[in-house]
Amino acid sequence: MEDNQVLDRFEEMRELVNANLESIIEEQSSVFGEVAMVSGQIVLAGGKRIRPILAMLAYQLAGGDDLEEIIPLALSSEFIHSASLIHDDINDDSATRRGQEAIHVKVGQAKAIIAGDWLFSQGFGLGARYDEEVVEVVAHYCSILASAEFSQIDHVLDLSTSPEDYLEIVRGKTAGPFAAGCKGAALVANASAEKCEYLFEFGMELGIAFQLVDDLLDIRGDERMGKPRGSDIYEGKMTLPIIHALTILHGPQRVRFSEIIRNFEDSLFDELISLLNFGGSLNYSEILIRNHLERAISYLDHFEDCETKQLLKHVVNMVEKRHS
């Protein structure tokens with residue numbers, strides 16, 4: 001496939017996901033009223049749709065030949081992800097999401113919590129249409145997602161947070177759902193246990209890289225994030241560049257860096273970046289991003305060359321280019 005054909009095919013899949021999401025929200029709004037309309041705002045506010053598209057592509061790479069069969073599972077991932085975003089924004093007291101007012105700002109915290117719950121129920125309703133083995137994969141990683149959220153809260157402004165602590169949170173919160181979606185899709189396609197595992201590991205490596213990129217974009221600032229620069233730092237989240245700098249810096253520099261993290265404000269950005277660069281922390285994150293993306297590609301190499309494999313490699317390239 002030529003590059004423009006890959007882009008066209010990817011956009012077709014994104015439009016298919018959007019059309020299905022719009023149809024569901026419209027239908028459910030006529031039944032459930034305000035809660036569906038409010039919840040639907042976060043679902044329909046945009047986004048890359050990388051999770052449902054990954055599920056669709058993993059299904060096809062694993063041998064599935066009826067795209068309609070995987071659509072409910074693909075959409076399920078987007079509903080569950082949107083639910084987690086609403087609850088995240090409440091926990092973090094974030095005012096914006098995807099460039100718009102966060103739901104709890106628009107309708108209040110109480111209704112926002114219920115909106116997130118409603119989206120979870122929709123996601124599980126779609127995912128429950130499959131065999132028990134598929135449902136167990138999705139349910140297991142939703143539970144791990146919640147556990148990772150708990151752990152992340154425990155580590156807010158915890159300057160002793162280790163890279164291992166960080167990775168455990170990322171595996172649960174971001175990478176786990178990627179991996180579960182890919183494996184669940186392979187199970188729906190009746191793929192072998194070996195292929196299911198390859199796609200699971202592909203999703204895990206891609207998801208870790210995806211979160212590492214988000215960490216860098218938060219520090220460097222990027223309008224595609226849909227939230228103010230430095231949101232993670234203001235919220236006290238211990239992302240990898242921060243953890244690395246706290247490990248590498250010593251003496252007065254570490255003391256000053258700790259003070260910046262604990263009392264962060266916009267006027268400290270230049271000093272923060274200077275210390276991160278001195279410790280090589282941003283470069284360290286970039287190296288890890290490349291390593292995880294290379295590992296993701298290595299799992300795709302177990303499959304024969306085809307259009308779907310090219311599309312999945314395009315997703316890998318998309319993640320890499322977000323921080324370049």
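Author: Residues are numbered from 1 along each chain as its sequence is written. In this predicted model, local features need pLDDT of at least 70 and side-chain atom pairs pLDDT 80 or more, totals for chains, interfaces and linings use all residues, and side-chain values use heavy atoms, without hydrogens and water.

Reader: What makes S84 and I153 lining residues of the second largest pocket?

Author: A pocket is an open set of points on a 1 Å grid over the protein atoms alone, where a 1.4 Å probe fits, with protein on both sides within 12 Å along at least five of seven lines, and lining residues have an atom within 4 Å of a point. S84 and I153 are among the residues that line this one, which holds about 240 Å³ of space. Helix α7 (132-154) gives the most to the lining, with six residues.

Reader: How do you know that the span of α6 agrees with its residue count?

Author: The expected span is 1.5 Å times one less than the number of residues. The 19 residues of α6 should therefore span 27 Å, and the end C-alpha atoms are 27 Å apart, so the two agree.

Reader: What makes the 101 residues a nonpolar core?

Author: Such a core is a set of buried Ala, Val, Leu, Ile, Met, Phe, Trp, Tyr and Cys residues joined through side-chain atoms within 4.5 Å. The largest one has 101 residues, with L276 among those with the most contacts inside it. Helix α9 (residues 193-220) supplies its largest share, 15 residues.

Conventions. Grid points are joined across faces, edges and corners, and a volume is the space filled by probe spheres set on the points. Helices (H or I, at least four residues) and strands (E, at least two) are DSSP runs, numbered from the N terminus. Buried means under 20% relative accessible area, exposed over 50%, partly exposed in between (1.4 Å probe, protein chains only).
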